[in-house]
Every structure is written in structure tokens, then in C-alpha cells.
Protein chains: 2
Amino acid sequence: MNEIKKTDTITARQHCVGTSPVRPDGVPKVTGTARYGSDYKAPGMLVGKMLRSPHPHARILSIDTSRAEAYPGVHAVVTGADFPLLPFRYVGPDRIERNAWHDSRNVMAREKVLYHGHALAAVAAKDEATAKHALGLIDVDYEVLPFTVEIADAAAEDAPLLFEDMITRNVDPVPEKPSNISRRWADTIGDLEAGFAEADEIVEGTYSNDPAHQGYIEPHACVAEYHKDGQAQLWVSSQGHFQMRDQTAAYAGIPNGDIQVTPAEIGGGFGGKTKVYLEPVAMMLSKKAGRPVKMVMTREEVFRASGPAAGTRTWVRIGARKDGTITAADLETWYQSGAFPGGPFVNGCLCAFSCYGIPNQRSVGYEVVSNRPMVAAYRAPGAPQTNFAVESALDILAKKLGMDPIDLRIKNAIHIGDPMVGARKMTHEGFSEILQTLKAHPAYQRKLGPNQGRGFAAGFWHNAGGDSGATAFVNPDGTVTVATGSPDIGGSRASMALMAADTFGIPYDKVRALVNDTTSVPYTFVTGGSRVTFATGKAVIGACEKVIRQLKERAAKIWKVEVDAVDWVDGEARPSSSNVGEFEPLTLKELAQSASATGGHFGSSHAEFMTGHAPGFSAMFIDVEVDPETGRTTMLSAVAAQDAGRAIHPAYVEGQIQGAVAQGVGWALNEGYIYGPDGVLQNASWLDYRMPVASDLPMIEAVIVEVPNPYHPFGVKGVAEAGMVSAPACVANAVAAATGRRMASLPISPPKLLEAIDTRDGSEL
Amino acid sequence: MNEIKKTDTITARQHCVGTSPVRPDGVPKVTGTARYGSDYKAPGMLVGKMLRSPHPHARILSIDTSRAEAYPGVHAVVTGADFPLLPFRYVGPDRIERNAWHDSRNVMAREKVLYHGHALAAVAAKDEATAKHALGLIDVDYEVLPFTVEIADAAAEDAPLLFEDMITRNVDPVPEKPSNISRRWADTIGDLEAGFAEADEIVEGTYSNDPAHQGYIEPHACVAEYHKDGQAQLWVSSQGHFQMRDQTAAYAGIPNGDIQVTPAEIGGGFGGKTKVYLEPVAMMLSKKAGRPVKMVMTREEVFRASGPAAGTRTWVRIGARKDGTITAADLETWYQSGAFPGGPFVNGCLCAFSCYGIPNQRSVGYEVVSNRPMVAAYRAPGAPQTNFAVESALDILAKKLGMDPIDLRIKNAIHIGDPMVGARKMTHEGFSEILQTLKAHPAYQRKLGPNQGRGFAAGFWHNAGGDSGATAFVNPDGTVTVATGSPDIGGSRASMALMAADTFGIPYDKVRALVNDTTSVPYTFVTGGSRVTFATGKAVIGACEKVIRQLKERAAKIWKVEVDAVDWVDGEARPSSSNVGEFEPLTLKELAQSASATGGHFGSSHAEFMTGHAPGFSAMFIDVEVDPETGRTTMLSAVAAQDAGRAIHPAYVEGQIQGAVAQGVGWALNEGYIYGPDGVLQNASWLDYRMPVASDLPMIEAVIVEVPNPYHPFGVKGVAEAGMVSAPACVANAVAAATGRRMASLPISPPKLLEAIDTRDGSEL
């Protein structure tokens, strides 16, 4: 029922927006005073630790906690039996549909453990040593079951089933036999057969990637306190404290209005901190113990039991005329979801071809469960995987057609009104503009040396809008405090302060931007989907505009004129014309200081469900050099362009683009989960799981393109995720250019690449 | 510029208001999980301790902190020189005018120390033992000065001066010679001489009281954290976290928008926690140390350096006709203010005769500084002192006229429109009603035994309105969270929840009431002046009404009708008439659960400067028995009536009345500061400072009278303070009835009373 409305832009008043001042969270983070999830302490606080499955797949025959409960210093032990049994409901084919039945079992196993590291009991004790010792006193009787880890094995007819009654959804006819395939999604536009018939060249291939972890610096951490009257508090690092509240409420069986969640500073999330792991368990331990309980994951627990991005396998086929016009595109993709359904495979289908106006196309996706940790969102969740297949194929297509890879994309660039799978039509421009910008970039003409290559790729992320809330209060000193419900993972306090400053027409340093708790700001959806500067920004602007209305009304009262006779310009109330009368302007500070005497203080909240978000378009070229002796790929340079709509804090936008490319490079070259034959993850530590570090990366040049979003007062488009989408493909394309080897499987680790060079594997360029 | 407007009452919708459900803060307080000021911890936190003056009066010649600074484990030392020098400004004659020049010196001495216990330096160290030891390493060179403690001594011509240039304000002609008399206030109405000339009986006397401490259970405590970017946080138990913010900002030289103050639960305040003692010092130590700093007073520090109520001396003269009509009343009162001006002596002048319609009256007040801790607000600050004089005199007058003491008050009871000193006119009824109620109370006719006596007295407190702010947010489960800026010292969370419940038309248990921090709710003045249920309640109602408007707009959008076609009744939207169409009502929960899909979530803030407050009228009779052998007075029974306007949570109103009477009994019988000849307080501990305990008190019967306030939607009048005002006088009148001794000096301690009995002191009954 929400139609998109174009917004009257307030561009004329932009003094702060577009500048890059020091961020509000900068000094506390740099000086070590920022408070993270594990920095909270409550009087009488206990330490909670989780008992985790030593088997990748087993039936829990019994759990005897009596020895642990009797151990001195232990205050509470919980198992699945302590948590409410939530109603069963299969996940539908929709994008991200939470399923309480499944998700609650990921938090705490019930009938079975489904992966090595799966939580099945927890202890709260006076200290960590006691809690750890008590874990060893919990006696579990398991029936060990056969397990399955890889997609192909898990999807096979005879695979061991994680859920004995799981029937694939959204298939016609509905299969009779249960399987590990939880969901299917498919959509076609145009006439695929006719489209391929028109093509002069057709490329086809199968691509895959390993799961990669978000790799946030701060492990999951929380403090939960349940009071005996049913009122509860939670302090937590997360990407959405309202979501932590609502998920904890659901899984612990507490009304959501009874839980107050205070957001901590957050040491990285990238999508991985949008769901609960510890929180309902800490809450249940607190309820049982009658004391606050802190739980903090170790890094190993983060790897073994929190969600990575999905490993996938994608087959793609693209046909084009000689002039480069793509006539048809087809794709079938298989996404690992870990032990429970609910991963982002539909995004893989929706985003795969969305940069391009292709009249005939089909996307088909499957989601497969296996005995691995459940996947979680990771920056543009689901999109980089199919993009790797599509942009690799386009790279080959360009070579076959003898076209510059940017020209091929420009030729097929999507425009407003072009259809996309999923019954969508493109609503924004911006993609052509970034392609033209990169084509004209001097570095694109730079000559390369031996064993060096340049790759190009483009990416799409649909971005999000949704619920956001903000408050704005004027302080007696004439400063303004704006608070939102969006945890700041990428600079949103700075962007909120900048937009608030320009809405009021006051300097940036007169605005304090905060993230406040669930009782202090209106309901706000997660920091994710690149939605915060767009949607929460609009909530901040809305709150500020309500306050400006109050200020104008107060000036009108003081001047004894109609409110319409008052303008608000540059931080002060002015008569709208000389006819109104001779009045000295009233500044925000003057109005604030006389607030009590003239009727009360100024402030407002604002909540809105935001539509009108724009897609994120990104493209990049990357130069690499491959050492033919070792297979090691060195990044030489990267230039990434993105349509920011309007860059509120350009340095932050650059940082988002750079961070996104860096994470994509990790997927491309090094990161991946390595399983042993025992179904146990072998590289659950920073030593063995290789993420790029500063010395692995060149300075990534971020090019901000601004095609304003007409549905946002400042023209904002989401910028945080699109930049990652095509980075893996771009690196692979560069490696192909440098080596003549088309690497179709990520990561392109030195041994894999060396083998390809030596065996001349990699059939197509 | 704020005119009082009568409010459309929403009495028809009262289902919750007037009931006494379990209070929101009850379980955490009883089970020990409520978080008080000293319960907060921050990582790296230091302990701060204050160096206090060993002299009642001395010039600080030098402070050498170098040995303390060098001591291992000490992170910062501050003295007055570290704090900003605030502009000098004499306090005016107004009721409570803060004076930063003086108040900042009370927090941290500069040129002189003005009382034994006056803070003059502070240390932050790794632990308390280190901090205490380091205090001993601060070398102070004092020039010890003569001191003055008692009012008469301090006001004498040749008294040692606390401020060598202090000229009494508001005297015409302005005196040339400096003195310790800081301020004078005076007002006359009618013709005093003519009034006394009309009188058939005149009573006259001089009455005095000792300073008494508020005696809150929880000593002052705070944690301050100053970040290197100038943003600061403060966790504190107080009666007003916005005031803690603004005073800390002023005295520490930080913009108030840069300090976020989180309110702790508060273990009693009674007026004594409306000003800062530790907070600016902890903040300055944190700034210097670069670490969070906790400061907690000991009980001895509370006695020696936080504010008691003023000791006073009052001369009063009242004349009446034979029929009891009071024709004239005159009063001159002297209030100790401790070492700095800023006490509540004007309240003593304003409240003294305000229960009565007296055509000719005068009140003159003086404020005197002396070498004692600065006074602070204490429940109806300033009012009980002059009330003791006036109600004692009226007791004598009634006896002289042969009238029942209640009848004398009924005869002279004030009514709407009657003039009062201070250019006021009475705006509310209510006093006659409580007098009639007590007169008709069966206990008033109860026969007394030997050595027993019944006293009667009435009191007035003007109550307050002022700035209050609230937020109301609807949770997804259909519950409502209301938050205010008013620390809850007497049940305001319960009263806010009750009023919000009835405004929405939902059950009490669907509302969560909280006190939120300075960035989360609009500016709110202190919890004091019996203003919270009245003014903050109105802010809560205002916020809820804005949310109801949103809910009606949403229902109108869903039904596609005009918003005026939607009524909000009993927690749901309904079509206002059958003409609107056939629609099933939409409940708050249904609207909350579909909020995202229909346009966004529901919530609002509201801020208002509230006028229209009603005065607090209280009256009581108390029966005592005096042991003629020991002089010990035993309370037999007490019946106190008060006009609550409308009792939102009657059990809490009863508690307020009972607590007020209990504190007044403490003033009357036992409490008082005892100074030695060295100017040092001799009874700075609970052992030596005798407050009434449960076994000292009978069950106090609280009689709630309800004369609704037409300027508040629920008819609320303030109830927290008026009940204390006449309690000291009432006890003294009862003692007079029991013993035939008129005790004109509080406390009526056993030795004093015994001496009066033995010497037949106490000239008039």
C-alpha cells in the first residue's frame, strides 16, 4: 500500500552534505574508549559458555545435566528442552524469510545436532574456568549419523537427510520424496529459446565458490539480564538491536515489549550480526540463574558456529549478436544453506542479470542443506556468487566478440523500465554513467607488463528501504542530538549528523548523532541492505523537519504572526517577507534558550517505512600479476566506481567501496572453508583461514558517481554492498588475462592456480 | 506568555487510573537487581576521592599536588584551579536562583574553604586505598580564619565574613557595609496596622528549628567518562539527569549537548539530589586521567558536605476577631543557607500564610550564610520552617479564642481569588474540603489518656509545573513503552503507566514505563516540586495522544476513509458511525503488527512547559504521649488528609503522605545538626543523627481527598510534599496539649522537653 513518491529535494541547502568531517565514533574507537558487546558488566554477572557438538550429524538420545548443575559455582544449565517449542513452518521461496522453527534450533539444538560446533547446552557459572569445566560434566548420549557437507553430495538421491520430512518447496509437481533440497526459485521473462536462436555467439560454463566468513574483528558478545518480574535487558553488539530483541523474545518466549536492548559499539558485521546466536541462551541462563549472564564467542566458535556466506555452484549460458547485443541469458544455481534453510539464494537469482537489459532470460535457484553451520547474510548476500558466473561468462563473450569488456556492458546496460526476473522493472539510471566513467579513466589505458592482466566486471545489488526511526532533540546550548535505531557499522552517525545539519541549516559540529536503545527510538530494521543512510537518513530528516515546524510555530507565537509568515533558513527563523513585520531573526540557540519561557522544549521522533530505494550499481577494473612459479596473484591496482546517488560523507563512501572490494578480493584469492573427511572444519582460526591484510592490497581507487535518487531528499542511494558484488569476478577476469587460465572455482588459491597453469586447465579465456 | 487553559478531562475513560497495581520498579528493588549510581562499571574505571577541609573557615594559601600526582597508581589530581572560573553574579531574591559562581565553589573550593568538609581537591587512582592514601600527599597551606555557625552570630555586625564583599540584596537603601546576610525578601498586602487594630486577640512568638538532613538511603554516586573528542557520559543517581547534565556542563566547562547522562535507579532524594556535588569533579578527573572515574560519598561525607534543610528562626504575630476571623498576620524569618546563598527562604515567606484568606499580611525573610554545608532542597523546601511558627501560633490562638483548631482553620480557609503575598491569587479549592474531612473523622473524637495530647496543623505547598518530556512507542506485540525524563523517586513510573493505559484504553500491564537518558527524551526539569505526576504525566498523555492520532490515520488509510471518521475507543480504532462503512475494529496490536506493511511504526515524543499546577493542601492531627520522667514523646496515631486532585495510584499517594509525615516527625522530635565549639559537626553518622525508624512511628492513616484539578486531563494535583509541611507543627501542638509546654524550638528532643517540663519553660499554650 505504499506508493513511491518523488521527494522535493533540499539540495539548495547543502552546506555539510558532501563534506567529510571527522566521524562521531572516530575518537572513541581510536583511543579505545568505545564500548563493545563484551565491555558491559552488571553486578553479580555470571559467565555463560556453550556446549557444542563434536559430531557433524547425530541424534541426541539424552542429555544429563545433573553433574554440571551440582558442580560448585554453576548457577544454571540449559538445553533445548528449556526453550519454547516453536510452531513448525517451512520457509517459503521469498528472499529472506526467517523461520523460527529452524532458527531456534540453530541457536540451541533439540532432536539432533546438525553440524560440528552446533550448540546443544549451555552453562552459567561464576567464572569462565568453572563454566568450561562444567561443560565437560554434561553427559550427552549421541547416535552418530552419516553426514553430508558438499552441495553435490547433499543434493544426491541417497544423501543422508538432515530433516527426514523436508520436501522441496516451490516445485511443480511437488516431489514425493524428501531431500536436502529445501527450496527452489525460478522465473523467466521473454522467450529463452528464441533469444538463443538469435545469438551469434553463446558462452556457457559452470562456476563455484567456497563459503567465506564475514571475518568481523569482534566476536559475538552479549550480556543478558532477566528480572523476576519478566522485564529483561540485553546489551549486545549487533546490526539491529530491534531484531536482537524480537528474535530473543521469540526464541526465549518473552514478549518483545518486555526486553530493552541497548546497542553496543560494533566491531564489524557485514551481515553476520543480523541474527541471534548467544542472546536467547544468555537470556534463558539469566532467567534460570536469577543473575545477569555474559556470553562471548571465541574466534573458533565464530568460525564453527556463526554463518558464513553460501558456497555455490552456478551454470550460466549467455548468447549475443555479433554487435554485442545480448539476446538471451540462462542460469541455474545451487546454494549451500548450511544446516538450516533460510539462506539468500533468491538474491543470487534476482541479481545475476540485473545490470543488463536482456529481453529473454531465466534464473533458477536451489537451496541445499548440509552438515555445515547455517549461512548468514554477507555484504550483498547471495549476489557475488552468481555474479562471478555471469561476469566471467561476459568476459569470455567480450573476447569472443572482440569487444572491449566495458563497451559490451555499455551496449547492454539496463535503463529505467527494462524488465528483470522477479516481476520487477528497473526504476533508476546510474549504471551507464559508471561504465562511461571507468571507460574514460586514465588507468584503464595503462600498459601492462608480462604475467600481468586487467579484469573488468560489474555488479548489481538491489539495496533496501524499510522501517527506520529517529529522534531529534534540541539541547539548551542550541545543539541538536539526533538518535536512530540503526547500529553504525559504516559511518551512519556521520551521515545522519550531516543530513541533520543541512536540514536545520547549522554547522556539522552542532549536531550529535547517536544510536539509541529499543525504548528510545522508533522501531528500526537492521543495518543491512545498504539501507541506513537512505531510509534512516529519511527518518532523521523527518524528525528534524518536525522540530523545524515547532521552531517556526514558536517564532510565530513570539512575533504574534501566522506560522506561514515564518521561514526557517540557515538555522534561524526569519519573517517570510517584509510584509510580515520588522523582526530580528531568531536563531536555533535563542529559541532553545527561551524554550521554557515560551512554551516548552523542542524535539520530535519520526518513523517511516521507506520505499523508493535505488539499486546499487558498481563496476571496477583490477590489474594483477601472477607469479607463474608459485601461482601467487598480486593485486597491482583497482579502480572501482559506484553510483552513490549523492555521497553524504564522501570519505565514508570511498571507504565502503574500498572495503567491499577488499572483501571480494578475499573471496577471489584466498578465503574458503576447508573440511576434512570427518566433516570437521579444518581452518577455524585466523592462522589457517586466510583473509587479505593491508599488505595484500593496493590502494583501491574509489570513483564516486552521483546520479541523485529522486525519491530521497538528498538523493541518497545505498553504497555499502554493491561494490563487493563483482570483485571476485573482476579478479578472476584479471587472472585469466594474466595467465590465459579461466579459473571457474573460488578461491583462486596459489596451489589451484599453479595446477591450472601447469596442466593448462581452464578451457576458455 | 503561557496562559493556563482548562483541559478537557478524559475521566470517562478511566479504567486504570485510581487503581494501585504492582509498581514497575517493585520487583527489581525487592530482588536486588535495580541498578543504582554506584552499580555502574566502565572498563578501565578509576576511583575518585575528595580531599575535604579540616577547618570550618580558612584561606587556601597554596595547594601542592605534586607528591600525590607522583604516587604510583594515581592517574589525576584536580583542584579548583582546574575548573573554569565562572562569572560573578549575586543571587537575586527569586525563589531558587542557581548561582554558578557560588555553586561551583561549593563543588570545589577556590580561594577559601567555607566549612568543615568543604571539597578542595580530588584524586583519581586505580583503587580506593591508593586514592585515599594520595589525599594525604596533597600539601595544603591554610590561613585559618574565625568562623561563624549560628544564625544570630553570623548575622551580627562583627561576624567573620564568608564573602568580604557580600552586600544584602533587595534592601532599600542598599546597605554600605558587607555582611553575611545575602538576601532579603518582603511583601505586604492590605494594611497591617489596621488589621491588627481590628483584632480582639493577638498571639506572638519566635520559633526555630535545627537543620535536618534528607537522610536518603543511597549516598551520592556517579561514574563519569570524558572522551578525548569532548563527548562525555555520566551515570548518576539524581532527581534530574538533565540538571546533572547542565550543572556538570557549566562547572566543568563542557557544552551541555556534549554530555549524555544516564539516570540510575535512585535510593531516595527528597530534594537533596537536585544539585551536583561529585559529578563535575568526577568528569574533570576523567578528562585529566583519560579514563572513566567513579565517585561515591561515604555517609559521613553526605552529612558533612551535602545539603540539609535550613535551620531557621521565625518571629510571627497573628491577630483575630473573637469569632476567629484573622485580621492580620506578620512574620519575619531568618534562614541559614550554609556557606553559600541560594537556599529556599523565599518559599518560607510565600507559604507561611497561604492556607488562609488574610486581608492584611506581611512576610519578611532574610538569608544568612555561615560556616556550614550549603543547604539544599528538602521536601517542600523552606515551607515547614515558617509553618511551624504560624501553625504553633494558630494553635495558641484557637485556645485563646476557645475554638476548635479545625474550626479556626475552616473559618479562615483560603478560596479561589483570595490574595497571597508575592502578587499571587489563589487559583484552586481543596483546603476547606480536607479540613471538613478531618473534622468528621472518627479518630478526631477519640478520648485521650493522661500525658497524651492531640495536635492539629495545616500546611501549604505551592507545587510546581514546568518542563517535562516523554516518548511513547508502540512495540510489535501491541504493548506501549512510555519513557520520561523524570527520575522516579516516588512511584512516577506507575502513575505514568496508569495514565498512558487509560489514554490508550488498554490494560496497565500492556504499558512499560521507563526513565530514559538525556538523549532519548525531551528536556525535563527535576523530579521535585511535586510536579512529576502532574507535568510529566501531561507530557506522557500528550505523547500518547499523538500516537493515537497516528493510529487513527492508519486505520483511516486502511479503510480508505477520512481520519475524522475514525474513533479511538478502548484500545482500538472504530468507525465513528455506521455511515462510515462496515469495518471490523482494528486493535492496537493488529495495527502494530501490520505497521511496516501499512506505512511505518507508531511513536511520538511530546514536550511541554506545564502551567496550571494546583497548590498542595494538607492537614493532619497527631496524638502523642509524653513520658514526664524522660521527656520522650511517643507517637500514638496520626491522621493526615491531603487533596490529591485525583489519586492516580492511591497506594502511592498514601505512601507519599505517610512518608512526608514521617519525615516531619523526625524534624519535630529528634533530627538536628549538633556543632561543637570547633565548628565541626558532631553527629555525622546514623548512630548519632537520630532519624525515626519504623518502631518510632504508628501506622499513619492517609486520607485522600479528591478535588480534581481542571487544568490536567486526569485532574492531578501534586501530592509529594505538602504532607510534610505541617507535621513538625502538628507534633509540637500535640506535645503542648500533652504537657502544657509550648516547645518553640525543634527538635523537641527528650532532654529539651524534660527541661521544659521541669523548669515550666514554654510560656504559652
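Where is the place of B:Phe303? This residue sits in helix α9 (residues 299-305) of chain B, helices here being DSSP runs (H or I, at least four residues) and strands likewise (E, at least two), numbered from the N terminus. The model is a predicted one, in which local features need pLDDT of at least 70 and side-chain atom pairs count only at pLDDT 80 or more, while totals for chains, interfaces and linings use all residues. Residues are numbered from 1 along each chain as its sequence is written, chains are lettered from A and ligands numbered from 1 in the order written, and side-chain values use heavy atoms, with hydrogens and water left out.

With a relative accessibility of 1%, B:Phe303 counts as buried (under 20% relative accessible area, with exposed over 50% and partly exposed in between; 1.4 Å probe, protein chains only). Leaving aside residues up to four places away in sequence, B:Phe303 touches B:His213, B:Pro373, B:Tyr673, B:Leu681, B:Ala684, B:Ser685, B:Trp686 and B:Tyr689, contact meaning heavy atoms within 4.5 Å. B:Trp686 lies 383 residues from B:Phe303 along the chain, yet their C-alpha atoms are separated by 9.4 Å.

Elsewhere in chain B, helix α7 (residues 241-252) runs for 12 residues and reaches 16 Å from its first C-alpha to its last, close to the 16 Å expected at 1.5 Å a residue (1.5 Å times one less than the number of residues). α7(B) is mostly covered, with 10 of its 12 residues buried; among them are B:Phe242, B:Met244, B:Arg245 and B:Tyr251. The buried residues of α7(B) pack against α3 (100-107), β10 (232-236), β11 (259-263), α8 (279-289) and β21 (511-515) of chain B.

Over in chain A, helices α11 (residues 383-401) and α20 (residues 727-739) pack at about 35°, their axes 8 Å apart; axes are lines fitted to C-alpha atoms over the stretch in contact, and angles run from 0 to 180 degrees between N-to-C directions. On the α11(A) side the contact involves A:Pro384, A:Asn387, A:Phe388, A:Glu391, A:Ser392 and A:Asp395, and on the α20(A) side A:Pro728, A:Ala729, A:Ala732 and A:Asn733.

As for the two chains, a rotation of 180° with 0.0 Å of shift along its axis superposes chain A on chain B, with an RMSD of 0.1 Å (least squares on C-alpha atoms of residues with pLDDT of at least 70 in both). The two copies are thus related as by a two-fold rotation axis. A:Ser520 has the C-alpha nearest the axis in chain A, 2.6 Å from it.
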